[in-house]
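Subject: Structure handover

Hello,

Please find the structure below. My notes on it come after.

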Amino acid sequence: MIITNVETFIVGNSWKNWLFVKLHTKEGIYGIGEGTLNGFAKTVEAAIHELKHLYIGMDVHDVETIALKMTRDVYSDGGQIQGSALAAIETACWDIIGKEAELPLYKLLGGKCHEKLRCYANGWYRGPRDPQSFHEKAKDVVARGYTALKFDPFGNAWRTVDRKDFRMGLDIIAAVREAVGPDVDLLIEGHNRFSVHTALQFAEAMLPYEPTWFEAPVPPQRISSMVEVAKRSPVPIACGEDYYNREQFAELLQHDAVHIVQLEPQYLGISASKQICGMVHAHGGVTAPHSAQGPICSVVCAHLNMATPNFFIHEIFDEFNEPWEEQLLTPPLKVDRGYLLPPEEPGLGIDLNLEEIAKHPYDPGHWLPLFKQGWEKREKH
């Protein structure tokens, strides 16, 4: 099953340009993948085409070799850009392999480990940074059947915050807890915002509202800082979405401080993601993969999560994006009262709707500026 060509498609919405690929083979079977990276859609697209001399002519079954050629053999560390290019191609290879085998992807990754996948809602709080707005929107999310909600209550904070803004963050957490009651999981998003001390101050202060986790409280580059917060925080720490190789996860896990690991298949590819899930399993941890890119990423995570024994919870943005997103894939991934199942058709079990894709062109203003006031509105910038 020899790779002959790759096509790329960028789909613009107000908060992020999504990048999709269509990988062709000599035998006529094609696969789809995703390479979305906030602020770098054109850059990753260029990387996919610049590196295609490394995978054109390869057998799609040789996914480990393709990964080595696109990473090790280049002998440069392209970080998340290189990882996104790799993941797009490798995902498309797995899609083709599943189609050839006439099996859904999760069956190739270990089979069914769960009856269904519990989801948490993200992106639901689009609007003003105001406790009342968060309160009202949280009620709507729970009414849809979700039993877990994630949100960033911290505005455009970076490293430190003043006392007024500190109280505002806590007031928003309190408003959401009051809206959803005691039995719904609250997942507090930090977006790599804080210094170690500020993160720990927030962790202590939010404890009365019983959050399930405090996510990415400090920047990811210094793993020692994340470990320090995790060991001292009274709230469990979750992180991992920024890392793009196994070695970073190995260093994080050796400290046995973070036990909720949010690997990003979009930067790792499916093979490495499955291996990292096993590493987390060996350390007694659980996985909650980052699934906040585009709709294909959500499908990939659904397959990976179904085949992961130590899976914890699945992230869902899709119900809270633009309504036309449902038209991009056939069939669309559907959440049913806060739960979902991966497609049962061969491979990823989905296809691209090129007609709908053409209606939403790339725009450089489509990105999420997380350190700019008002980013929560997810408007064009």
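This is a predicted model: local features need pLDDT of at least 70, side-chain atom pairs count only at pLDDT 80 or more; totals for chains, interfaces and linings use all residues.

Residues are numbered from 1 along each chain as its sequence is written, and side-chain values use heavy atoms, with hydrogens and water left out.

Salt bridges

The structure holds 17 salt bridges (a side-chain nitrogen of Lys or Arg within 4 Å of a carboxyl oxygen of Asp or Glu). One of them joins the side chains of Lys 150 and Glu 315, at 3.2 Å from N to O. This pair links distant parts of the chain, since Lys 150 is in strand β5 and Glu 315 in strand β11 (residues 314-316), 165 residues apart. Helices (H or I, at least four residues) and strands (E, at least two) are DSSP runs, numbered from the N terminus. Both Lys 150 and Glu 315 are buried (buried is under 20% relative accessible area, exposed over 50%, partly exposed in between, with a 1.4 Å probe and protein chains only). A network of salt bridges links Lys 150, Glu 189, Glu 215 and Glu 315.

Glu 228 and Arg 232 also meet through their side chains in a salt bridge, at 2.9 Å from N to O. They are four residues apart in helix α8, so about one helical turn separates them. Glu 228 is partly exposed at 34% relative accessibility, and Arg 232 is partly exposed at 46%.

The side chains of Asp 363 and Lys 380 form a salt bridge of 2.8 Å, N to O. Both residues lie in the segment after α13, so the pair ties together parts that are 17 residues apart in sequence. Asp 363 is buried at 18% relative accessible area, whereas Lys 380 is exposed at 52%.

Lys 16

Lys 16 lies in the loop between β1 (3-12) and β2 (17-25). Lys 16 is buried yet has no salt bridge, and the nearest side chain of opposite charge, Glu 264, is 7.1 Å away. For that search Lys and Arg count as positive and Asp and Glu as negative; His and the chain ends are not counted. A polar atom of the Lys 16 side chain lies 3.0 Å from the backbone oxygen of Ala 292.

Helix α6 (residues 163-180) has 18 residues and reaches 26 Å from its first C-alpha to its last, close to the 26 Å expected at 1.5 Å a residue (1.5 Å times one less than the number of residues). Its buried residues include Phe 166, Leu 170, Ile 173 and Arg 177. Just after α6, Gly 181 takes a positive phi of about 85 degrees.

In helix α9 (residues 246-253), the buried residues are Gln 248, Phe 249, Leu 252 and Leu 253. Seen down the axis of α9, these fall within an arc of 125 degrees, so they line one face of the helix; the arc is that of the directions from the helix axis to the C-beta atoms.

Backbone geometry

The peptide bond from Thr 330 to Pro 331 is cis, with omega near -10 degrees. Pro 331 lies in the loop between β12 (329-330) and β13 (339-340), and Arg 337 is found in the loop between β12 and β13. Arg 337 has a positive phi of about 50 degrees although it is not a glycine. Arg 378 also has a positive phi of about 50 degrees without being a glycine, and is buried at 5% relative accessible area.

Regards

Terms used
A polar contact is a pair of N or O atoms within 3.5 Å; within protein, one must be able to donate a hydrogen and the other to accept it, and residues adjacent in sequence count only if both atoms are side-chain atoms.
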